[in-house]
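Please look over the chain below.

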Amino acid sequence: MARILIVEDEQRIASFVAKGLRAEGHQATIAADGPTGLDLALSGDVDLVVLDIGLPGLDGFDLLDQLRAQGSRVPVIVLTARDSVTDTVSALEGGADDYMAKPFRYAELSARIRLRLRQHPPSGDAEPGSLAAGGIHLDLRTRRATLGGREVELSAREFALAEVFLRNAGQVLSREQLLDHVWGLDFDPGSNVVDVYVGYLRRKLGSATITTVRGMGYRLER
Ligand code: CA
């Protein structure tokens, strides 16, 4: 369940989207003008915003500018009838996460909302859906890794090792700890498998990401 704000002045579209979201178990709130939308989006009680561009009071581009200027990182999917490349680019540069041209099918919007919520899980989730540190981002649900936004291919074991490092970013982890977490206790503590895999990660994620702390272990730099 996510709390989704729909900022849309066309009542027909707003209620069609709200109805679909509620049927999927989300909480949907509608704001019919820009200033109300901005207030609600800034309230912090919103997990995702579906934002129309043509709005009374304050248009979607200005709303988005003000939202980002005030430090909000809430994911925003822009809806617009103006199906042009220029508008798409300016919406994305203005801090939108995704873009949907009207008319659209609810299923298309729903798929994009799901994707954005996976990347920014609602704050109520006990377990984070992703981890990030030092330019590395791990999506724990899809098991995908990116470095500076570019996808990096990691084996299952490399991913598991990266996950332990990211969960403990900035802390020194001993070889024994890493061995326990990633390989289990049935591995010979004298094995150099940890060192080998740290080498693999450094090759894929950059040699400076994991520091060797002499006599103690390894540390992922934030
Ligand atoms: Ca409109």
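Leaving aside neighbours within four places in sequence, which residues is Phe165 in contact with? Contact here means heavy atoms within 4.5 Å. The partners of Phe165 are Leu173, Leu178, Val198, Leu201, Ile210, Tyr218, Arg219 and Leu220.

This is a predicted model, in which local features need pLDDT of at least 70, side-chain atom pairs count only at pLDDT 80 or more, and totals for chains, interfaces and linings use all residues. Residues are numbered from 1 along each chain as its sequence is written, and side-chain values use heavy atoms, with hydrogens and water left out.

**Cores**

Phe165 belongs to the largest nonpolar core, which has 29 residues. Together with Leu138 and Leu161, Phe165 touches the most other members. A nonpolar core is a set of buried Ala, Val, Leu, Ile, Met, Phe, Trp, Tyr and Cys residues joined through side-chain atoms within 4.5 Å. Buried means under 20% relative accessible area, exposed over 50%, and partly exposed in between, with a 1.4 Å probe and protein chains only. Elements that each supply at least two residues of this core include β6 (130-133), α6 (156-167), α8 (193-205) and β12 (217-220).

**Helix α5**

Helices (H or I, at least four residues) and strands (E, at least two) are DSSP runs, numbered from the N terminus. Helix α5 has 14 residues, 106-119. At 1.5 Å a residue, counted for one less than the number of residues, α5 should span 20 Å; its end C-alpha atoms are 20 Å apart, which agrees. Buried in α5 are Tyr106, Leu109, Ser110, Ile113, Arg116 and Leu117. They cover an arc of only 130° around the axis, so they sit on the same side of α5. That arc is taken from the directions from the helix axis to the C-beta atoms. An α-helix has 3.6 residues a turn, so residues three or four places apart point the same way. The cover over the buried residues of α5 includes β1 (3-7), α1 (11-23), β3 (48-52), β4 (76-80) and β5 (98-101).

**Asp62**

Asp62 is in helix α3, residues 60-69. Its relative accessibility is 37%, so Asp62 counts as partly exposed. The C-alpha atoms of Asp62 and Gly94 are separated by 8.8 Å, although the two are 32 residues apart along the chain.

**Whole chain**

| Item | Value |
|---|---|
| Secondary structure | eight helices and twelve strands |
| Span of the C-alpha trace along its principal axes | about 65 × 35 × 30 Å |
| Buried share of the 222 residues | 44% |
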